[in-house]
Amino acid sequence: MLDIRENVSLQEFNTLALNVFARYFFEANNAVQIPALFDFADRHQLPVLLLGDGSNVVIAKDFSGLVVKISLFGISTEEHDDAVIVTAAAGENWHQLVTTCLHNGYYGIENLALIPGTVGAAPIQNIGAYGVELSDVLVSVSGWDRQHKNWCHLEKDQCELAYRDSIFKRQKKDNFVITAVTLKLSKQAAIKNSYQALQKSLEQQSITQPTPQQIADTVAAVRKSKLPDPSELANVGSFFKNPMVSCEQAKQLLEEFPGMVQYSQSTGVKLAAGWLLEQAGWKGKRIGNVGMHGQQSLVLINYGKASGSDVLELADAIKSDILATFGVHLTIEPMVI
Ligand code: EPU
């Protein structure tokens with residue numbers, strides 16, 4: 001028997017702290033509950049919203065369906081000569097997994113220290129920071145396929161991971177419940193310290209040959225200096241993706257705006273959205289209950305009583321301004337419900 005609650009505030013279940021309500025709410029602590037929850041939703045013709053820690057979602061208004069918080073826990077490992085296969089249940093805290101792996105001498109995710117959210121949410125936006133992406137270590141994702149009504153296993157290639165994107169944001173959105181994620185980590189340290197902000201901070205500490213632990217500590221320190229703690233200032237990390245433009249547009253932009261931060265990619269040029277926002281005057285700007293962070297202009301803050309419309313209106317104003325100033329389209333990074 002599922003004890004589904006009704007009319008539950010989601011404020012404590014989303015790090016943007018929007019006080020919206022779920023018509024039905026259930027916290028799943030056992031994977032076997034998942035098919036039954038979808039049966040319930042199908043019987044009542046309800047949409048389903050899956051939540052991890054709610055750290056990459058904007059629930060802009062009350063949700064008239066069933067919200068399922070995924071609270072599945074457990075980590076298992078399979079050791080090989082040089083590598084280790086780590087399988088973690090979807091509800092595990094991502095940073096806790098990074099810490100546990102480091103403690104056991106399993107390397108490869110130390111650059112992803114302190115990213116908020118759960119393990120199950122990590123493949124959805126292919127979390128990435130400081131020169132490493134989940135796709136570098138992901139082996140497979142397991143879960144419940146709502147469409148085919150079966151438990152299944154998607155290999156990395158089937159997850160179609162890209163920059164802040166995956167199949168779970170597209171074809172499998174709303175119809176696949178990630179219950180576990182499998183990673184391949186190394187027992188040998190393979191240091192990745194080429195990300196500029198990371199390199200600079202290591203230099204300041206006079207660390208020339210960092211250990212994985214030092215990488216994790218330095219990443220955590222850099223993150224803390226720029227990104228606000230959601231428990232103090234409600235936010236969902238970067239609010240916009242770094243936009244891609246053509247090489248031609250990038251060249252023209254650089255002529256008009258010398259100093260513009262640009263990263264050359266195989267398919268074009270990626271711009272730093274944070275730089276665009278800062279130049280356009282959005283850094284530290286507050287409008288009523290919402291604003292853009294003073295240390296990292298890509299982070300939208302709810303100062304306490306914001307509504308979903310406050311958030312989306314600010315996002316629209318910024319998108320229009322960036323388009324008018326630079327001719328560049330910004331897209332919102334977290335999922336908007
Ligand atoms: N910048 C500014 N002003 C700002 C912010 C950034 O000029 O207000 C400039 C920086 O000086 C730097 C460049 O923009 O030259 C990039 O800034 P930063 O290193 O802070 O990274 P980012 O591109 O703004 C991305 C990710 C972050 C991730 C960091 C580190 C996206 C949308 N964001 O931010 O991810 O932590 O790189 O790898 O790709 C997230 O996804 O929620 C997130 C926080």
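Is N126 buried or exposed? At 0% relative accessibility, N126 counts as buried, where buried means under 20% relative accessible area, exposed means over 50%, and partly exposed lies in between (1.4 Å probe, protein chains only). Before we go further, a word on the model: it is predicted, so local features need pLDDT of at least 70 and side-chain atom pairs count only at pLDDT 80 or more, while totals for chains, interfaces and linings use all residues. Residues are numbered from 1 along each chain as its sequence is written, and side-chain values use heavy atoms, with hydrogens and water left out.

Let us stay with N126 for a moment. N126 sits in the loop between α2 (94-103) and β8 (128-129); helices (H or I, at least four residues) and strands (E, at least two) are DSSP runs, numbered from the N terminus. N126 is not a glycine, yet its phi is positive, at about 45 degrees. Q45 also has a positive phi, of about 50 degrees, without being a glycine. Q45 is found in the loop between α1 (33-43) and β3 (48-51), and with 72% relative accessibility it counts as exposed.

Now to the ligand. Around the ligand are 22 residues, and the closest are Y130, Y163, Y195, E278 and S297; a residue is near a molecule if one of its heavy atoms lies within 4 Å of it. A polar side-chain atom of Y195 is 2.6 Å from an oxygen atom of the ligand, and an N or O atom in the side chain of Y163 lies 2.7 Å from a ligand oxygen. S238 contributes through its backbone, with a polar atom 2.8 Å from an oxygen atom of the ligand. The protein covers 84% of the 810 Å² of accessible area that the ligand has on its own, as given by the Shrake-Rupley method with a 1.4 Å probe; for residues, only the protein chains shown count as cover.

Which elements give two or more residues to this shell? They are α4 (212-226), β13 (234-238) and α6 (273-279), and α6 gives the most, with three residues. Domain 2 (75-186) and domain 3 (244-336) each supply at least three residues to the shell; these bounds come from an automatic or database domain assignment.

Our last stop is N302, in strand β19 (residues 299-302). N302 counts as buried, at 3% relative accessibility. Its side chain reaches the backbone oxygen of A17 at 3.5 Å, and a polar atom of that side chain lies 2.8 Å from the backbone nitrogen of G304.

Conventions:
A polar contact is a pair of N or O atoms within 3.5 Å; within protein, one must be able to donate a hydrogen and the other to accept it, and residues adjacent in sequence count only if both atoms are side-chain atoms.
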